[in-house]
Amino acid sequence: MENAPGRSEEFYACGGGCRPGRSVVRAHGLSAMRPFLRLCPECGVPLSISRNHTWTGDGRILSRDSVQRLVIMERRVVEGILRRAEEMFGEEGSRILTRCKSADAFHYVRAIMTGWKKVVAKAPFGGRTFYDLLCDQARILGMADARVISYRKRHELLVGCTQCYSDAFFAGDVLGAVQAGEGRTAEVAYWEEKGEKRFGVTVGVKELTPPLIYSPEEDPLPGNIVYRRCGRCLAPFTVSFFAWDTARGLVLDTHNGEAVAMLDTAGINAAYQEIKLNHLPELDELMARQVKEMVDTVLPRLEWKRRGPEERVRDLFFLAYRGMGNPICTRGSEDFLEARVENPFNYPIVAGIAASFLSRGEPVSWEWERRGRSVLEVRVRFL
């Protein structure tokens, strides 16, 4: 398999790539416990990605235990969505984001805390190593260039980073990780110091009752997506076109040059529902419009082929391998396009993304509708 576009030798040398044909690369930025990043020798995807996650035929990405759903999104889009919530609701908005994210982070850490990682977490002097490994995972997921600054068992953890996908959400990630590792209640605060963000967690004395994961999803509709997969690690071939820069905690989509992150969807949906129910009932339409505007800023970096309307469903295939849903069909004419997506991870967010890709930067009027069980329909009319 050839190297993906944009993956130069210099990029691989800096620890930022996953090079087919090699089973390990020097993992710049990762902890002393992980001096090398283990890769699939056929497709180059890190094994911590392919072994801990499953791409299903119905447009979802699931964690190892199949309990949690994940999604791959451009960091610019995620940052824009979350920043808007914080601007609208201030400190209360930040608290909602952090609290909701900590719950799914708790369960995600529990899902990957298996084998020797679990032994390390429980060992008398293994706590620091456990959190070092979780910071490594945050880098591999494209969330942040996280590092452990200090740790006192059963007392506190201090993490620092400069490339954080969201302060409020990453605070929830760190909080949930500590709750999973210590088994106790905890509180988190974050601030800026010495040119980087600091996330400090204080561990409480009460044992923690595992938090519930809120998920508004109905039972998913069956799908028959057939990915072209790596014959060795089974990751979809399209995932090999991501480039991992572990030194900066970034994952780059080499098709458009955008940094992406792999995130749990339960926290996103829980925060969304709480804000909608308690603060902003009209959030659905507002969110869909704002997401389309944000994705429109990414589209000019893509080169589109001119195809007939009936073939544009291919443009939406990325929704599937990114875990956003299953694009079933596209119908229309020269004046309008109508797309059907099953099992969307979040209706207004997927609607905004789909509308942006269907309109391709052209002026349009558009609408979306939730139809029946796990079905989203988006209609775009060209002006």
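The residues lining the largest cavity divide into 20 nonpolar, one polar and three charged; here Ala, Val, Leu, Ile, Met, Phe, Trp, Tyr, Cys and Pro count as nonpolar, Asp, Glu, Lys and Arg as charged, and the others, Gly among them, as polar. This is a predicted model, in which local features need pLDDT of at least 70, side-chain atom pairs count only at pLDDT 80 or more, and totals for chains, interfaces and linings use all residues. Residues are numbered from 1 along each chain as its sequence is written, and side-chain values use heavy atoms, without hydrogens and water.

**Cavity count**
- The model holds five cavities of 30 Å³ or more.
- A cavity is a set of points, on a 1 Å grid over the protein atoms alone, where a 1.4 Å probe fits but cannot get out; lining residues have an atom within 4 Å of a point.
- Grid points are joined across faces, edges and corners, and a volume is the space filled by probe spheres set on the points.

**Largest cavity**
- Its volume is about 290 Å³.
- Of its 24 lining residues, Leu134, Ala138, Met143, Asp173 and Ala177 are the closest to the centre.
- Two or more lining residues come from each of α3 (75–112), α5 (127–140), β7 (156–161), α6 (167–182) and β12 (258–264); helices (H or I, at least four residues) and strands (E, at least two) are DSSP runs numbered from the N terminus.

**Second largest cavity**
- This cavity has a volume of about 220 Å³.
- Ile81, Leu82, Ala85, Tyr272 and Met287 are the closest to its centre among 19 lining residues.
- At least two lining residues each come from α3, α7 (265–278) and α8 (283–296), and α3 gives the most, with eight.
- The lining comprises 17 nonpolar, one polar and one charged residues.

Definitions and conventions
1 Å grid on protein atoms, 1.4 Å probe; cavity = no way out; pocket = protein on both sides within 12 Å on 5 of 7 lines; lining within 4 Å.
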